[in-house]
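Please find below a colleague's note on the structure shown here. Kindly read it with the model open beside the text.

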Amino acid sequence: MSGLETAIRNALDRSDRADREIRARIYQSARQALDAGLRKQGVTDRLVIMQQHERLEEKIHEIEMEELQR
């Protein structure tokens, strides 16, 4: 997950991070990247997929809370 976290944070650094819509697009892009990565790795176990999605959502929530405190 740290790769996706790094990608999110880098994208925020390069964007207008004060714009909520831009942040939402960055988070959606991370979700799509996770799905693509899992497919590429051949992960089909629904439990594993759900756990990965949950971890990503937790990280997005953490990052968003940091952004709101800025």
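The points that follow go from the whole chain to single residues.

1. Basis of the note. The model is a predicted one, in which local features need pLDDT of at least 70 and side-chain atom pairs count only at pLDDT 80 or more, while totals for chains, interfaces and linings use all residues. Residues are numbered from 1 along each chain as its sequence is written, and side-chain values use heavy atoms, with hydrogens and water left out.

2. Overall architecture. The protein has three helices and zero strands, and its elements run α-α-α from the N terminus on. Helices (H or I, at least four residues) and strands (E, at least two) are DSSP runs, numbered from the N terminus. The C-alpha trace spans about 40 × 20 × 20 Å along its principal axes.

3. Burial and surface. Of the 70 residues, 27% count as buried; buried means under 20% relative accessible area, exposed over 50%, and partly exposed in between (1.4 Å probe, protein chains only). The protein exposes about 5000 Å², of which carbon and sulfur atoms supply 49%. Accessible areas come from the Shrake-Rupley method with a 1.4 Å probe, and for residues only the protein chains shown count as cover.

4. Contacts along the chain. Contact means heavy atoms within 4.5 Å. Among contacts between residues at least 6 apart in sequence, 64% join residues at least 24 apart.

5. Helix H3. This helix (residues 46-69) has 24 residues and reaches 35 Å from its first C-alpha to its last, close to the 34 Å expected at 1.5 Å a residue; the expected span is 1.5 Å times one less than the number of residues. At its start, a side-chain oxygen of aspartate 45 reaches to within 2.8 Å of the backbone nitrogen of leucine 47.

6. The buried residues of H3. Which residues of H3 are buried? They are Leu56, Lys59, Ile60, Ile63, Glu64 and Glu67, and they pack against helix H1 (2-13) and helix H2 (20-40).

7. Isoleucine 63. This residue of helix H3 counts as buried because its relative accessibility is 0%. Not counting residues up to four places away in sequence, isoleucine 63 touches Glu5, Ile8, Arg9, Leu12 and Tyr27.

8. Glutamate 5. Glutamate 5 has its place in helix H1. Leaving aside neighbours within four places in sequence, glutamate 5 is in contact with Lys59 and Ile63. Its side chain and that of lysine 59 are joined by a polar contact of 3.5 Å. A polar contact is a pair of N or O atoms within 3.5 Å; within protein, one must be able to donate a hydrogen and the other to accept it, and residues adjacent in sequence count only if both atoms are side-chain atoms.

9. Arginine 23. Is arginine 23 buried or exposed? Arginine 23, in helix H2, counts as buried because its relative accessibility is 4%. A polar contact of 2.8 Å joins its side chain to that of glutamate 64. Not counting residues up to four places away in sequence, the residues that arginine 23 touches include Leu12, Glu64 and Glu67.

10. Leucine 34. Leucine 34 is also found in helix H2, and at 7% relative accessibility it counts as buried. Not counting residues up to four places away in sequence, leucine 34 touches Leu4, Gln52, His53 and Leu56.
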